[in-house]
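This report goes through the sheet, the domains and the contact between the chains in turn. The sequence and the structure are shown first.

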2 protein chains.
Amino acid sequence: MTRTELKDLGEFGLIELLTKNIELKNKSTLRGVGDDAAVVDHGNKKTVISTDLLVEGIHFDLAYTPLKHLGYKAVVVNLSDIYAMNARPTQITVSIAVSNRFSVEAVNEIYNGIHLACKIYGVDLIGGDTTSSLQGLTISVTALGEADEDKIVYRSGAKEGDLICVSGFLGGAYVGLQLLEREKQIYIEHPEMQPDLENKDYIVGKILKPEARKDIIEFFKKSEVLPTSMIDISDGLSSDLIHLCMQSKVGAFIEEKSLPIAQETSVKAMDFKLPPTTCALHGGEDYELLFTINPRDAEKMKYTLDVRIIGEITKSADGINLHTSGGNIKELIAQGWQHH
Amino acid sequence: MTRTELKDLGEFGLIELLTKNIELKNKSTLRGVGDDAAVVDHGNKKTVISTDLLVEGIHFDLAYTPLKHLGYKAVVVNLSDIYAMNARPTQITVSIAVSNRFSVEAVNEIYNGIHLACKIYGVDLIGGDTTSSLQGLTISVTALGEADEDKIVYRSGAKEGDLICVSGFLGGAYVGLQLLEREKQIYIEHPEMQPDLENKDYIVGKILKPEARKDIIEFFKKSEVLPTSMIDISDGLSSDLIHLCMQSKVGAFIEEKSLPIAQETSVKAMDFKLPPTTCALHGGEDYELLFTINPRDAEKMKYTLDVRIIGEITKSADGINLHTSGGNIKELIAQGWQHH
C-alpha cells in the first residue's frame, strides 16, 4: 500500500480527497461541503441535532479496531441518537484530528467507513473540519435529522403503567470488548499467537461495527405506534433507564428473565466469569433502543420480531428496580460510563 | 481555588454543572441539552451549519491562552462562519475532550467563556458531549444559523467588475501570536521575567479573544446590501481570496496600499522584521469578512466606517494578483494554514 504523508497533501488536498465523491441524497440539503457552512432546508419539519466526540485510547483502541469500522461506528452512534428521537437522520458533519502517525491512506480508510454509513443510512455528509493533532486520533460527528413535531419522542414522556420495551439483544458489545481486550493482551505477551476470534462474529461485530435501529423507527411509522418515551442504550440499560425515569419523573421495574441476551453473549460471558445479566444491565455500547409504550399498543409489538417487553413504568416513589429470576427485588444503579 | 478531580464528579455530574444555567433565547430552540438530540424549528428559514475542531498544541497554547478566552474563541470562530453566509447564528453544540490534567474548575472556566460568547451573540447552547482524553484538550463546536434562502451569500457568486471589500483590520492576530510566542520563549528561558504585553491590548486581543463580525451582517440588512460572495478570513486574506475566486471561477486584484493594517500591527510587525503587508496577506485568524459587492452598492459602504474596498474581481484568466504600492503586479499565493 502506498503511504502518502499528510503534510505532502496539505489540508485542502486532504479535504478534496475526502469529499470528492460525495453525492447528496436529501432534497433538504441545499449546500453541502465547500462553503463556510452547509445549508439545510427543513421546511416545516423540525431539525434534530446530535453530536459525539470519539477519542483514541478512550473510545477505541486501534490495536483491534479496523479504521473503516471506526469511521462507520462514529457515524452510527450519532444516527442512533437521532433515531432515539423518532426522527430520520438527514445530514452529518465530521471533524477529525490526526497526528502524523496516520497516513493519507489511513484517513481515507476512516472516511470509507463514514461514506459507507452515509450510504446505508441515507444521510448526507455536508461539512466538517480536518486538522492535525500532536498525538492520537479524535473524531467528532454531528448529525441532523428531521421529524414532524408531533412525532418527536423525548426521554420525558413515560407514564405510570406504560410498558418498557427494548430492541435487539443486550450485553453483546460489552462481552465482545472483553474478548478483544483479552486477545490484545495475549498478542502483546505472545505475538506469535493468532487471535482466537472464530465463531465470535456476532459479539465482535456488536462492538466494532454496531448498527443504529433505523428499522425500529420505520416499524413505528408503519404500525402507527408512537412511543411515550425513548432513549438509545449507549451507557447500558440500567444507566439509560435511570436517565429516562429521571426525566419522566417515574419509577420502573424490569424483569430479569425478560432481558434479551443472545446465546453467544451468555456463553462467552460465562467464559469470562461475568453474569450475563450484569453484562446486559451495565454493558453499554449496544445502541439498541429503550422505549416505553402505552399498554394499548402492546398488541402491535407482535408485528416486529426484534422488540421485547421487559418491564413496566411505576410511580416515582417506587424507585427503579430489577425483579430477579430468583424472586427478589434489587434496586438498579448506574454502573455504565466506562468508555466516556 | 478548589480543585475537584473530574473523576470525582463523573460525566453526568460534569454535564449537570456545565449546563445548569443555560437559558434558551431563540424561539426556534424547541429542545436543548438533555435528550438524545436537540430540536430546532427553523420553519421556513434555511438552516446553516458550521463546525470546527480546536486541538491543544495545534490551534492554541495554554501557556498563554486563558481558558475562558479559549472557550469564547472556540464559539466565535464558528459564528464567524455562519455570518460569512450572511446568516444569523442561533444554536451551537459543544463537545470537549479533557485529560485528567484539567480540573473541574478548569473545564468550568472554558464553559464560562462559551456561555459568555453565547450571551453576547445571542445563540443557544443546545447539546454536546464531554469525554476524557489520554492527553490534551480538544474542543469541537458546531454552529447552526438561519437565513432566508434568497439572502444566503456563498463563496461562488463573485462576478467580473465586483468590488472586493474587507471588514476591520488585517494581520493583527498573526502579529499578536508572534508576540505571545516570543514572551513564552522568554518566560521559558527566564522564568523570573514578567511578560511585556503592555500597550499590546489590540493585537493580543485579536489572537486571544477575536470577535465575529455580527455588526457587518446587521449593516448589510439595514442598508439593503447583498454581497455577491463572502468568506471569513481564517487562513489569511490571500488564501481565502483564492478560495473565493476558485469557487466563483474569477480572477482578482487587490491594491497593497488599500490593505487595512492597524498602526499597532504595523509597528509591532516591524519590530519582528516582518513586512506588515505579508502579515495582512498571510496572517490568518483575523476572522474579518472578505466579500464582494456589485459596484452600484459601493456608495452604501460609506455608511459603515469599518469596511474598506481593497480591489476588484477580474476574468479568471487574469489570475489573482497584488498591485504593489511600488507599481508592480505580483501573483498572490496561498501561504496560510499554519495553525490547521
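## The open sheet of chain A

In this predicted model, chain A holds an open sheet of 7 strands, which follow one another in the order 8-10-7-11-9-12-13 with mixed pairing. Its edges are strand 8 (229–232) and strand 13 (329–331) of chain A, each of which pairs on one side only, and from one strand to the next the twist averages 25°.

Helix 7 (residues 237–248) of chain A lies across strand 7 (163–167), strand 8, strand 9 (251–255), strand 10 and strand 12 (320–323) of chain A, and its direction makes an angle of about 145° with strand 8 of chain A.

## Two domains in chain A

Chain A is divided into domain 1, covering 6–150, and domain 2, covering 163–331. Taken over C-alpha atoms, the centres of domain 1 and domain 2 of chain A are separated by 26 Å, and the contact between them takes 15 residues from domain 1 and 19 residues from domain 2 of chain A.

On the side of domain 1 of chain A that touches domain 2 of chain A, the largest share comes from helix 2 (residues 67–83) of chain A, with 9 residues. That side of domain 1 of chain A has 9 nonpolar, 4 polar and 2 charged residues.

## How the two chains are related

## The contact between the chains

The contact takes 53 residues from chain B and 52 residues from chain A. Strand 3 of chain B gives the most to the side of chain B that touches chain A, namely 9 residues, and by class this side of chain B divides into 21 nonpolar, 21 polar and 11 charged residues. Because 98% of the interface residues of chain B are also interface residues in chain A, the copies meet through the same surface.

Strand pairing also crosses between the chains: strand 3 (residues 46–55) of chain A pairs with strand 2 of chain B in the antiparallel sense over 3 bridges, and the bridge partner of A:Val48 in strand 2 of chain B is B:Val39.

Notes:
Residues numbered from 1 in each chain as written. Chains lettered and ligands numbered in written order. Predicted model: local features only at pLDDT ≥ 70, side-chain atom pairs only at ≥ 80, totals over all residues. Contact = placed C-beta atoms within 7 Å. Domains from an automatic or database assignment. Helix = DSSP H or I, 4+ residues; strand = E, 2+ residues; numbered from the N terminus. Nonpolar A, V, L, I, M, F, W, Y, C, P; charged D, E, K, R; others polar. Pairing = 2+ DSSP bridges. Axes fitted to C-alpha atoms, helices over the stretch in contact; angles between N-to-C directions.
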